[in-house]
Amino acid sequence: MSLDLATAKDLAQKGMAALRQGEGAKAQSLFAELIAAGQADPMTRLMLARACRLSGDSEAEEQALDQLLAAEPNNLAALLMRGESYARSGDARAASSFYQTALGVAAKGAPPPELVPSLQAAQAFIRARGEDFKAYLQQALDQHTFSGIGEDRFKHAVEMLSGERQIYPQAPSVLYYPYLAQRQFFECEEFDWVQAIEAETPAIKTELVSLIEQGADFQPYVEAEADRPVRDFHGMLSDPSWSALYLWRHGKPVEENAARCPRTMKALSQVPMTYMGARTPSVLFSLLRPGAHIPPHSGMLNSRLICHLPLVVPPGCWLRVGNETRSWEEGKLLIFDDSIEHEARNTSGETRIILLFDIWRPELTEAEREGISTIFSAIDQFVDLPEG
């Protein structure tokens, strides 16, 4: 049975009026008649679902919503209503799935104001389910003793599963070397040279202080290059709040500075520093002024690790790598993968200074290290071929 436009419009208006007056059964009948007559547009199906809910006909409500979502999978109102219907029936997993999809759709634009309360209820439902799951999971884990597994690794896996810990993958800007473990920090006990260089902290600090007293020329870490476009790294271009004094730069010692730091250079001779074309080794005193913040960023490759030997460290200074934050302690190395997002901040009223250098990932063979060095040498030496 088909309806002329005037009749269809009249039925729709009567259905809306019945909804406003709380007459669910009457509204359901009117919208069902419209749909049976071929007026099965998404809005009519949505109104039918609302009428069915008002009349208490859950089966018809679910059918109307399923038909609407088959035609419009991202219909926000229908997704929320379907989540609510599953929640009423006790199927919390299905409800969460529809709620999460609805929240994802809402995040792409400004949702209609009338749906905001339902979106907030969906968020609350998902949070509550998350807490219930964490409690249930912990109860299950408490019933078992897991021997022979990495405690931190297992703990972090559980935290990622429950949403307490974010996943931060390696994201180098230049070269990704595959199949290396995604580790944020490495522990000092893993390297046999650490104790020797940590023992040199007083001597290295003495050389640093002498440099400062002699007017050491610290320069902003982020500097413009005359033959390159200006790239303002997170607003830090030419910003002296993060400054550097190099002992090695572009793969070579900075002779003037290196000559004034013999103990530091000798200590570094024990370290497996990287050698990659004209890029590394890179060794510098890194200075962070009071209140300075190095924004989140990732380094150029994941085949090296960055080492920080803290020399002048007031309270309130920290380094975040991925989802783990550590504070610097004078004379105690921090070793991390800088291809994972990291940031640093000095919240104190004093200057923080560390000795920064990079080393090879310990998993790499000598042949792999040579290969990576060759790659970067080729990158540095490459120029456009002359025209024929």
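Residues are numbered from 1 along each chain as its sequence is written. In this predicted model, local features need pLDDT of at least 70 and side-chain atom pairs count only at pLDDT 80 or more, while totals for chains, interfaces and linings use all residues, and side-chain values use heavy atoms, with hydrogens and water left out.

The chain has 13 helices and 12 strands. These are DSSP runs numbered from the N terminus (helices: H or I, at least four residues; strands: E, at least two). The radius of gyration of the chain is 31 Å, well over the 21 Å that the globule rule gives for 388 residues, so the chain is more spread out than a compact globule. The radius is taken over C-alpha atoms, and the globule rule is 2.2 Å times the number of residues to the power 0.38. Along the principal axes, the C-alpha atoms fill a box of roughly 95 × 70 × 45 Å.

Helix α5 (residues 76-89) packs against helix α7 (residues 116-142) at an angle of about 45°. Their axes are 11 Å apart. Axes are lines fitted to C-alpha atoms, for helices over the stretch in contact; angles run from 0 to 180 degrees between N-to-C directions. α5 and α7 are therefore oblique to each other. Angles under 35 degrees count as roughly parallel, over 145 as roughly antiparallel, 65 to 115 as roughly perpendicular and the rest as oblique. The crossing of α5 and α7 is left-handed, that is, the near helix is turned anticlockwise from the far one by less than a right angle. From α5, Leu-76, Leu-80, Glu-84 and Ala-87 meet Ser-118, Leu-119, Ala-122 and Phe-125 of α7. Contact means heavy atoms within 4.5 Å. By class, the contact of α5 with α7 has 6 nonpolar, 1 polar and 1 charged residues.

Two strands pair if DSSP finds at least two bridges between them. Strand β8 (residues 317-321) is joined to β9 by 4 bridges, and the two run antiparallel. Val-321 stands opposite Glu-324 in β9. Trp-318 has Ser-327 in β9 as its bridge partner. β8 and β9 form a hairpin with 2 residues between them. Gly-322, in the turn, has a positive phi of about 60°.

Key:
Nonpolar A, V, L, I, M, F, W, Y, C, P; charged D, E, K, R; others polar.
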